[in-house]
Amino acid sequence: MEKYLYIALFAPLVSSLFSALFTATPKKLFTGIIASVLIFTSFVASTILLLHILKGGEPIHVTLMTWMATGDLYIPFGFVVDQISVTMMMVVTLVSTIVHIYSIGYMDHDKGFNRFFAWLSAFVFSMMILVMSDNYAGLFIGWEGVGLCSWGLIGFWYHKEIATWASNEAFIMNRIADLGMLIGIFLVYWNTGTLQYDEAFALMPSLDSATLTWIGIFLFIGAMGKSAQFPLHTWLADAMEGPTPVSALIHAATMVTAGVYLVVRSNELYSLIPNVGLFIASLGAFVALFAASMALVNRDMKRIIAYSTLSQLGYMFAAAGLGAYWVALFHLMAHAFFKALLFLGAGNVMHAMHDELDPFKMGGLKKVMKWTWIMMTIASLALAGIFPFAGFFSKDTILEAAFAEHHFVIYGVLLFTAGLTAFYSFRLVALIFHGEERYKIFGIHPHEAYRFMLIAMSPLLILAMIAGVFQEPFFAMVEEILSAHEYHIHSHTTLWIMLVGTQLFVALAILYAYKKYATWSSVPDGTSPIENSFFYKLLFNQYYIPYFYETYIVKPYREASELFWTKVDLKIVDATVDGIAGIVYGTGEKTRQMQSGNLSTMLKWMVAGLVGLLFLAVAFGLAARYSDEIIVFLSALGV
Amino acid sequence: MLDHILSLLIFFPALAALFGFMIQKESMRAYGISVAAIEFALSLWLWFAFDGNVAGMQFMENLPLVPSFGINYILGVDGISLFIIILAAFFTMIGIASLTDTPNVKNMIITLLFLQMTMVGVFAALDAIIFYIFWELSLVPMLYIIGAWGGPLRIYASIKFFLYTFAGSLVMLVGMLFMAYFYYQATGVWSFAILDWYRLILPESLQLWLFAAFFIGFAIKVPMFPFHTWLPYAHGQAPTIGSVILAAILLKMGTYAFIRFSLPMFPDAAAFFMVPIAIIAIIMIVYTAMVAYAQKDVKQVVAYSSISHMGVIILGTFALNVEGISGSIFLMIAHGVVSGALFLLVGVIYDRRHTKMMSEFGGLAHVMPRYATIFGVMLMASVGMPLTINFVGEFLSLLGFYQQSHILTLLAGTAIIVGAIYMLAAYKKMFFGEVTKEENKNLKDVNKREWVALLPLAVITIWLGIYPNPVLAPIDNSVKSVVQLMHNKATTELAKDRIPNLVKPKVVIIEKTIIEEVH
Amino acid sequence: MFEAIAFYLFAFLTIVMFFITVTTSQALYALSALAAGMIFISAFFFILGADFLGAVQIIVYTGAVMALYAFGMMFFDSTREVKEKQGNKYIIVGLSTLAAILVVVIFSAPMVSDKIVALYPAIDGVGNTQEVGLVLFTKYLVPFEVAAIMLLVAMVAGIVLAGKKMDLSITLMSDSEIEEQKNKKVLS
Amino acid sequence: MEIGLNHYLVLSTILFAIGLVGVMRRKNLLLLFFATEILLNAVNIAFAAISHYYGDLTGQMFAFFVIAIAASEVAVGLGLLIVWYKRHSSIDLDALTTMKG
C-alpha cells in the first residue's frame, strides 16, 4: 500500500516538474495531457487507498526521511493515510483531475499554457503534502506551498496590475495567519516535545488548559488565514483575478478548506478546549452570514461565488467548532464538488462572454449554453441544500448539529444564511441564464464550451447530485478516529418540522430570487433608489473593510516605511554616525588652523601647553596630598 | 597534508594571488577560476575528512609565535565554522566565475584571492590575536574592491565601511587584551587561545563589561541596529562581486564571533543581555524590513533584507539553546547562499541596463522568463518558503527563541510577514506588469556564464531545504557541546535557568575545568 | 649680610638687563643687555660657590656665544630699529605670570624638597674646580664626551651652514661675475 | 637677612618668566634666540642654587651641560639663520609660514 501512497503523493510533483521544463517555450498540448494523466494516476492511487481504508485496513504510516533534527527536535518527512487524510486526498485529486482536464480547454489560447500546468500540478503536490503529512511541520510545508502556488496562480496573468496586486495580497494575508500557525507549532513543540500528531495528541490531555487554549487559538489563526475567515477574508474575493479553473480548484474546493482540515485534524486538541471550539463556531456562523450578505448585491459573477465559498467555509467551521468534525469534513467534501462545478460553469460563461463578469450584462444564456445552465442550476440547488442534492445532506446535518448542541443562536444564524444562500445563488443563475439577452447590447456572441470540458465536468455534476448517499459509509469510516456522534434530534416530530421548514424556507428564497431576477431587463447604472440606499452601499463595498485596510493599514505602513527610511534611517541613525565622524573631522579642520606655520603663534601655544602641564602637576600634586580628604568629601556627597 | 589542511586553505589563495601578479592579463580569469576551484575542492576534502560525530575541534594546528605572551598560531574547525569556510571557498569560486567585463580584472582576482585568505583565516583561527589579525585584514581587500570598482559614491562608502568596522574592532581588541589579562591573573600564564579562555569562569560583573566590549565589535560587523548604516552604502556602491562576498561571508563573521566568543566565554552576560539584544534584533527585523520596502533601488532592497535576516540570526543565537543556535548557524549559511544569489541576480540585470532603479524595469517576466524564474526561486527562499534553505534556519531560530520568550518571538515572527511584503513588492515592480520601457524590450535572458554561477546556488537552496541533515548534524554536535559548556560555566541563577542542561539524568560528562575566579 | 646685598643687587641688575633684552627694539641694545645679564648671572654662581661654573659662564656666554651673536648680527642690519607686530600683550604677560606662579607653587610644595638626597655630595677641603673635575671625569665622563662631540658637530654644522660659498669673494670678482652670481641667486 | 634657596628659585622663576615673555613677544628670529638664552640661564641659576643648598654637585653638572648645549645651539641656530636670511632676506617670524597646515 505504501507504493500507492508514494504514487499519490509524487505523481503531481512529477507532473509539475515535467511541465516546468517547458515554461519558457510556446504552448505544447502534451504538457496539459501528461499533467492530467499524472494527476489522474494520483487520483487512482488515492482511490485504491480509500478502498483499503474503507475495507477497514490499518492506516498507512510511512516515514520517508529525516527533515530537520537538532537538539531534541526531530522532524521527519512522514506521511499518514488515515480516514481523514484519505477523504481529503480523494477530494483533492478528483477535483484536480477534473480541473486539469478542463484547463486544457480553458487555457487553450493562453501563451502561458505550460506554465499554468506547472503551477497547477505544484499546487496539487503541496495540497497532498498538506493533507498527508503526519506532523505539524510537514503540514506547514504544504500550508506554505499552497500559498506559494496560489500566489503564482492568482498572479498568473502577471501583466495585469490588479492580478499581481491580488496575488501579493493573498500571499501576505496568508503569511499573517501563518505566523499564528507557526507560533502554534512552537507551542506544541515546547509543551509536548514533538510535532507528530499522534504523539502530541497523546500528551495533550496532561497539559494545563491555558496552554491548550493558546495552542488552539494560534493554530486557528493559521486556519483563519488559509480559509479566509473574518478579518482575513478580503484576499479571497480579490483572488478571483486568477484564471477560473484556479478559482475552482484552489479558492473553492481545496486550499481554502485547509483551515477546516487543520481543525478537524486537531480534533483531539479542540475537544479538550470547548471554549475555543465555541468561538470557532460563533466566528464560523458570523462569517457565514457576513459573506452571504456581501454576495447578495455583488455584481461580479466570480466574486459572488467566492463569497458563497466563504459563507460555506463558515458553515464548516461552525460544525467543527461545535465538535461535529465529521460533519464539517463531509460538508467540505460535498462543497468541493458542487462549488468546483459552479466555478467551472462560471468559467464556461466567462469564456462565452469574453471575460465579462457582470451578470447584469448577460441574461438568457440558457439557449446557447444549455449544459452549462443545467450544471450551474444543479450546483446551485446543491449549494442551497435542496433535497436530494449533496448540499442537503451535509448542510442540513450542520443545522441539526447546532440545534442538538443547543446553540440556538448559531442555529438561527445558519438557518437564515441558508435562505440567503439560496437567494443569491439563484439570483446569479436567473440573471445569467434567464430573462432578456442583455449581452446583445454589448455585441457579444456567446458559444458553448468545448465538449470535452463539459464531459470533464460531468463527474462533478454526478457527485453534486448523489454525494448525499455517501453520508452513511463516510460516517462509518471516520467514526473510528473522529469523536463522532450522529446528531439526532430527540423527537422525530421536531426533526421533521425542522427539515421541512428549512426546505420550505430555502425554496421560498429560490422562488423569490427567480421572481425578482428572471425577468430582469436592464443593466443597472447606479441610479435606482435601492442602489443608493445605505445597506446596498455598505454591502456593495464589502462593509468598507477593504477600504479600511487600505486606508488604515496598507497606507500607514507604506508611509511609515518611507518615514523610517528618509527620516529615521537617513536623518537620525546615519546622520548620527556621520555627525560623529563630522565632529572628529571638524575638530581636525578647526585645530588645523592652529598650525598657521607662524613660529610666534606656535611658541605661544607652546607656552600655553606648558602652563597647562604645570597646572596639571599642581592639581595632581594637591589631589595626592589631600587624597584622604577628597575621599571623605566625595563619600559625603554620596558618590 | 591533512594535518595542515587549514593552513593550506588559508595560505594557498594568498600564494596564488602573489603568483597572480606574474600571470598574463588574458589568462588571469582562467587562472583565478582554477585556483578558486582547487581551493573549493580542498574545502570539500576538509568536509569529507571531517568527523561529524566529534563535537570538539578538528585539524588543530599549533605553532608558537610569541610564547611569552601566549600568542600562538592555532587553527581548528568544528561544525560551527566548517560550513562557513566551505561557503567562503564556494562563493569566491562562483564570484570569480561570474566576473563580467570588469576593468582591471587581474587586480580584482588577486584582491579576491587575498580576501579569501582572510575569510578562511577568521573562521579557522582559534587564537584571539590571529583571529583579530585576519578580522582586520579582511577589511583591506574589501575596501579596495569597493573603492576601486564601486559606484559614484565609492570613496565615501568604502571609507565609511572601513572606519566604522575598524572602530568597532578596536574596542573588541581592548576586550581581548583584558580577557588575556584576566586569564593571566587567574592562572599566571598568558594565553590568547580561545579554548583556554573557554575554561575561565569570570565573575558576572566582569563578564558584563567584556561582553559589551566584544559586542560593539561584533555588532558593527553584523551589522546590528543602530550600527547598520554602513551596509547600505557599501552594498549600494560595491560592484556585484563585492556585494556578494560581503553579504555571503563577511557579515557572518560578526554572528560567528558571537557564537565563538561571546556565548561560551560570557554565559552569564549572554543570559543577562538576552532580552535587550532580542529587542534590538526585533527592531532590526521589522524596521529594516520596512525601510527595505521604501527603497527604490533593488540592490538596496536586498541590502536591507540582509540586515533583516541577520536580525533573525542574532535572535537564534541568543536563544541560548541547541535549536536556536543550530538554527542561527544554519541560517548564516542559508542567508549566505540566498543573499549572495540575489546580489548576483541584481548584478545580472545591472550588467544589461546599468541601472538598479526598480522604476526602470517592469514586465521583465515577459522578456527574461528564465531570469524571472530563478529570481523567483531565490525570492521565495528569501521570504522563508518551506523546503528552501532559509526556512530551516528561520524556523529553528524562532523555535529556539520561543523557549525564552513567547511575546518576543511573536514580534520577531513578523519577519515572515514583513519579509514577504518588501520582497513581493520589489518582485512585482520589476517583473510584473507590461514592459513599459523601450530599452527593456530586447534584453537578453540569462546567459551561460550566469547560469554557471546561479544554477548551483539554486540547487543548493532547494537541496539543503529538503535535506539539511548533512549540514545540520555536524552543527548540532558542536552546538550541543557549546551549550553544555555554557550551562556548566554559568554562575548566576538567571543563566542556569535560561541555558538548558543537556545532560539531564547522568553525571556531567564534559570535562569541566574550573579555574578559580578572577577577583 | 654681604651675601644678601650682593644677591639683591645682582638680582635687580639681572632682571633689568633681561627685561631690556626682551623689550628693546634696538638689536644692539638687546645684545649688550644680554651680555651684561650673563655676566651678572655669573656673579650668582660665585656667590653660590660654583666658581668653575661662573668662569665657564663668563667665558662661554659672554665670550663665545655673544661673539657669535655679534658676528651673526653683522649679516643683518643691526642698526635698524627692529619692527615687530605685537599681538595681544595680555596673553603674553598673563601666560608668563601664570607659569611663574605655578612654578613657585610647585617649588613651595614640601614634598619636592623633602625628598632630595645628595647623589654626589660636595667634597670637603677641595676647591670647586677640583670637585667638578672629579665628578665630571668620573661619573659624567660619557655625557661629557658626548657633549664634546656634540659641540664638534655643532661647530662643523655652523661652518657648513653659514659658510656656504665662502670661497666666493665679491671683492675679487668683477661686476659681470657678480651679476651672474646674482642671477643664479647664490647671493641675495 | 639670610638668603635661602627659595630666593634663588624665585629669582630663577622671574627670569624664566621674562624669558617666556621674550619668546612669545619677539618676532625677530635673532632676538628670539636671545630670549631662549634667558630661559636657559634662568634654569642654570636654579640648578646652581639647588646644588649649593643640598651640597650636591649634580646641579652644577647639569648647568654645565646646559651651557654646552646652549653653545652648540647657538652655533647651529645662527648658521641656519644665515642660510635663511640669504634665501629670504628677512628674519621676520611672520614671514616664516611655510609650515602652514
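# Briefing on a predicted model with chains A to D

The secondary structure of chain C comes to eight helices and zero strands, where helices (H or I, at least four residues) and strands (E, at least two) are DSSP runs numbered from the N terminus. This is a predicted model, in which local features need pLDDT of at least 70, side-chain atom pairs count only at pLDDT 80 or more, and totals for chains, interfaces and linings use all residues. Residues are numbered from 1 along each chain as its sequence is written, while chains are lettered from A and ligands numbered from 1 in the order in which they are written.

**Chain C**

- Read from the N terminus, the elements of chain C run α-α-α-α-α-α-α-α.
- Of the 188 residues in chain C, 24% are buried; a residue is buried if 20 or more other C-beta atoms lie within 10 Å of its own, exposed if 12 or fewer, and partly exposed in between, with C-beta atoms placed from the backbone.
- Among contacts in chain C between residues at least 6 apart in sequence, those joining residues at least 24 apart make up 46%; two residues are in contact if their C-beta atoms, placed from the backbone, lie within 7 Å.

**Chain D**

- Chain D has three helices and zero strands, in the order α-α-α from the N terminus on.
- The radius of gyration of chain D is 17 Å, whereas a compact globule of 101 residues would have one near 13 Å; the radius is taken over C-alpha atoms, and the globule rule is 2.2 Å times the number of residues to the power 0.38.
- Along the principal axes, the C-alpha atoms of chain D fill a box of roughly 55 × 25 × 25 Å.
- Buried residues account for 58% of the 101 residues in chain D.
- For contacts in chain D with a separation of 6 or more, 49% come from residues 24 or more positions apart.

**Contacts between chains**

- Four pairs of chains touch, and the most contacts among them are between chains C and D.
- The contact between chain D and chain C takes 63 residues from chain D and 67 residues from chain C.
- On the side of chain D that touches chain C, the elements giving two or more residues are helix 1 (5-25), helix 2 (29-54) and helix 3 (58-88) of chain D.
- Helix 3 of chain D gives the most to that side, with 23 residues.
- Chain B and chain C do not touch, and their nearest C-alpha atoms are 34 Å apart.
- Chain B and chain D are likewise joined by no contact, their closest C-alpha atoms lying 23 Å apart.

**Chain A**

- Chain A has 25 helices and two strands.
- Chain A has a radius of gyration of 32 Å, well over the 26 Å that the globule rule gives for 639 residues, so chain A is more spread out than a compact globule.
- The box filled by the C-alpha atoms of chain A, taken along the principal axes, is roughly 110 × 65 × 50 Å.
- In chain A, 53% of the 639 residues are buried.
- Residues 24 or more positions apart supply 81% of the contacts in chain A with a separation of 6 or more.
- The domain assignment of chain A gives domain 1 (191-228 + 266-540) and domain 2 (601-639), with bounds that come from an automatic or database domain assignment.
- Between the C-alpha centres of domain 1 of chain A and domain 2 of chain A there are 88 Å.

**Nonpolar cores**

- The largest nonpolar core has 439 residues, and those with the most contacts inside it are A:Ala318, A:Ala340, A:Leu341, A:Leu414 and A:Ala464; a nonpolar core is a set of buried Ala, Val, Leu, Ile, Met, Phe, Trp, Tyr and Cys residues joined through C-beta atoms within 7 Å.
- Helix 15 (residues 325-352) of chain A gives the most to this core, with 20 residues.
- Leaving out residues up to four places away in sequence, A:Ala318 touches A:Ala281, A:Gly284, A:Ala285, A:Ala288, A:Ile398, A:Ala402, A:Ile410 and A:Leu414.
- A second, separate core of 80 residues includes C:Met17, C:Phe18, C:Val22 and C:Ala50.

**Chain B**

- The axes of helix 11 (residues 240-265) of chain B and helix 22 (residues 469-489) of chain B come within 9 Å and cross at roughly 25 degrees; axes are lines fitted to C-alpha atoms, for helices over the stretch in contact, and angles run from 0 to 180 degrees between N-to-C directions.
- Helix 11 of chain B is therefore roughly parallel to helix 22 of chain B; angles under 35 degrees count as roughly parallel, over 145 as roughly antiparallel, 65 to 115 as roughly perpendicular and the rest as oblique.
- B:Ile259, B:Leu263 and B:Pro264 of helix 11 of chain B make the contact with B:Val482, B:Leu485 and B:Met486 of helix 22 of chain B.
- B:His309 lies in helix 14 (residues 298-317) of chain B and counts as buried because B:His309 has 30 C-beta neighbours inside 10 Å.
- B:His309 and B:Thr388 are 79 residues apart in sequence and, C-alpha to C-alpha, 15 Å apart in space.
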